Amino acid sequence: MVSKCLHLHLRPYPYHRQFAHITTHHLPTAITTKPTVTPRRCVSLSPRASRQPTATPHFGDFDPDPILTNDDLKPTTSDQRTFSGWELASLWVGLVVGVPSYYLAGSLVDLGMAWWQAICTVVSANIILLGPLVLTGHPGTRYGISFPVLARSAFGIRGAHVPTLLRALVGCGWYGIETWIGGEAIFIMLPKFIRDSQLSNSLPWLGTSPLEFSCFIVFWLAQLSIVWNGMEGIRILEKYSAPILIILTSSLLCWAYVNAGGFTHMLSLSSRLSSSEFWSLYFPSLTANISFWATLGLNIPDFTRYAKTQTDQIMGQVGLPIFMGAFTFVGLAVTSSTKIIFGRVISNPIQLLGEIGGFTTTILAIIGISLATITTNIAANVVAPANALSNLNPSIFTFRRGALLTALIGIAFQPWRLLKSSESFIYTWLVGYSALLGPIGGIILADYYFIRRMNLSIRDLYSTNPRGVYYYWKGYNLTALVALGVGIFPVLPGLLENVGILNSVPNSFRTIYNNAWFFSFFFAGIVYLVLSCLKGKEKDDLWNERPLPNST
């Protein structure tokens with residue numbers, strides 16, 4: 001009983017300073033009298049465990065399974081926790097300032113919203129998403145673990161491959177989109193006689209021109225040199241790029257204001273929608289804007305694991321709605337100003353910079369577009385797939401190899417087709433993948449906060465021992481996989497109709513699809529919670545009764 005009580009106290013942390021001197025061989029091999037430590041004392045120790053100060057576990061305290069870990073998957077050490085609140089905020093500035101974010105509010109205005117309705121939609125979506133971001137970032141800072149390792153808690157040590165690879169697949173698609181945008185910047189800045197050559201003629205089988213595709217490949221190759229420096233290189237890039245991007249964005253806004261004589265034209269843009277039409281557009285648009293950063297909402301532990309404290313990770317993220325609102329306002333204001341300045345609307349910032357012309361503008365445009373694209377693309381779309389592939393097979397995939405495969409798959413997504421219209425970008429791509437990411441987020445948060453109550457066994461997250469907490473059934477938590485399927489399935493009919501595979505589906509399925517993230521997030525989370533409660537906590541009880549070897 002004594003050893004069980006001590007083990008229960010140590011459960012959230014493989015190593016605890018208070019009992020560092022106590023090991024199992026110091027305890028008597030047989031106890032013939034009733035111990036003085038009572039069951040009541042044992043129970044009272046458990047709640048206090050969740051309030052212990054965060055300590056990064058040391059791998060020297062236990063033997064991690066080599067097929068579940070490598071240098072990229074190990075918990076971060078204190079020396080690696082270098083992200084302050086400002087550096088995490090800089091990360092978000094680098095992520096937000098990009099061409100896709102520039103398009104968001106303008107795309108909604110194209111679909112009929114007033115300018116203020118479009119910006120409010122973007123801001124409200126990011127306020128909603130801020131909750132899951134902070135909540136999911138908590139275990140990353142507390143335990144120093146990445147998203148693939150956190151997913152082992154809910155899905156099992158092998159089942160975690162399912163959510164991480166789904167997240168990786170979306171990241172590969174986004175990597176292709178951002179790289180295409182960077183390649184487009186190179187194309188626009190080429191001399192006019194090259195852009196007007198035969199190489200600029202589109203090939204039907206390719207869906208774009210050989211010249212544009214070549215620019216895409218050039219930018220694709222350029223990004224790999226930065227990825228090769230790992231997370232520290234990404235941190236430095238984001239930190240020093242943020243102020244440059246803010247200055248360039250402000251300069252573009254000032255240029256538009258001066259040359260258009262103010263923002264009168266933008267402020268005069270009224271809604272072209274009736275009340276019913278607005279609400280039918282609002283909710284799928286809200287879902288699409290939540291989906292825009294729902295990718296980071298899942299793998300944010302990949303970054304918060306490097307945060308110095310929980311305060312840093314929270315303060316670093318609360319600026320997201322402000323950054324998104326401000327930058328989408330810039331995009332909308334500048335786009336509307338082009339109607340006055342050039343006589344036509346130019347919604348593409350790369351084309352706009354090409355129209356402004358001039359040597360200085362060209363140089364600033366190349367720097368600005370390259371920085372905006374690279375800071376977003378590497379942080380948002382390389383880290384998660386690279387870690388997912390590393391988790392799939394740590395002995396084969398390092399962070400670098402995973403990043404290379406991510407880049408190759410990004411080409412296969414043919415991003416030039418995804419960006420052909422506002423409707424295909426928002427309602428096919430953004431809303432479509434939210435059906436995959438929503439239920440994963442709901443399940444992970446339900447497991448961490450309601451089932452685990454924020455207490456994880458770091459040792460068992462890196463163990464294939466069948467007696468481990470997260471081994472479940474052969475390494476798979478069937479409860480989580482069932483909840484994932486239940487969360488995704490009702491959204492599929494609407495998705496299949498949207499991409500043209502099905503001709504028509506009932507209105508109920510369209511409604512579910514238009515609110516895919518909300519529906520799948522809460523539905524899958526509730527189903528997982530109910531099934532887990534019905535099943536009970538057999539593995540938790542087993543963990544307490546029969547600690548794994550080498551436990552302290």
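Author: Of the 552 residues of the protein, 56% count as buried. The model is a predicted one. In its secondary structure, the protein has 27 helices and zero strands. Among contacts between residues at least 6 apart in sequence, 84% join residues at least 24 apart. The protein exposes about 23200 Å², and carbon and sulfur atoms supply 65% of that area.

Ala256 counts as buried because its relative accessibility is 0%, and the cut-off for buried is under 20%. What does Ala256 touch, if residues up to four places away in sequence are not counted? Its contacts are then Phe263, Val334, Ser337 and Ile341. One of these, Ile341, is 85 residues from Ala256 in sequence; in space, the C-alpha atoms of Ala256 and Ile341 are 8.2 Å apart.

A residue of the surface may be set beside this one. Leu531 belongs to helix α26, and its relative accessibility is 30%, so Leu531 counts as partly exposed; that class lies between the limits of 20% and 50%. Leu531 is also part of a nonpolar surface patch, together with Val482, Phe522, Ile526, Val530 and Leu534. The accessible area of the patch residues together is about 560 Å². Helix α26, residues 516-535, gives the patch its largest share, namely five residues.

In summary, Ala256 is buried, whereas Leu531 is partly exposed.

Terms used:
Residues are numbered from 1 along each chain as its sequence is written. This is a predicted model: local features need pLDDT of at least 70, side-chain atom pairs count only at pLDDT 80 or more; totals for chains, interfaces and linings use all residues. Side-chain values use heavy atoms; hydrogens and water are left out. Buried means under 20% relative accessible area, exposed over 50%, partly exposed in between (1.4 Å probe, protein chains only). Contact means heavy atoms within 4.5 Å. Patches are made of residues with over 30% relative accessible area and no salt bridge: like charges are joined within 9 Å, nonpolar side chains (Val, Leu, Ile, Met, Phe, Trp, Tyr) within 5 Å. Accessible areas come from the Shrake-Rupley method with a 1.4 Å probe; for residues, only the protein chains shown count as cover. A salt bridge is a side-chain nitrogen of Lys or Arg within 4 Å of a carboxyl oxygen of Asp or Glu. Helices (H or I, at least four residues) and strands (E, at least two) are DSSP runs, numbered from the N terminus.
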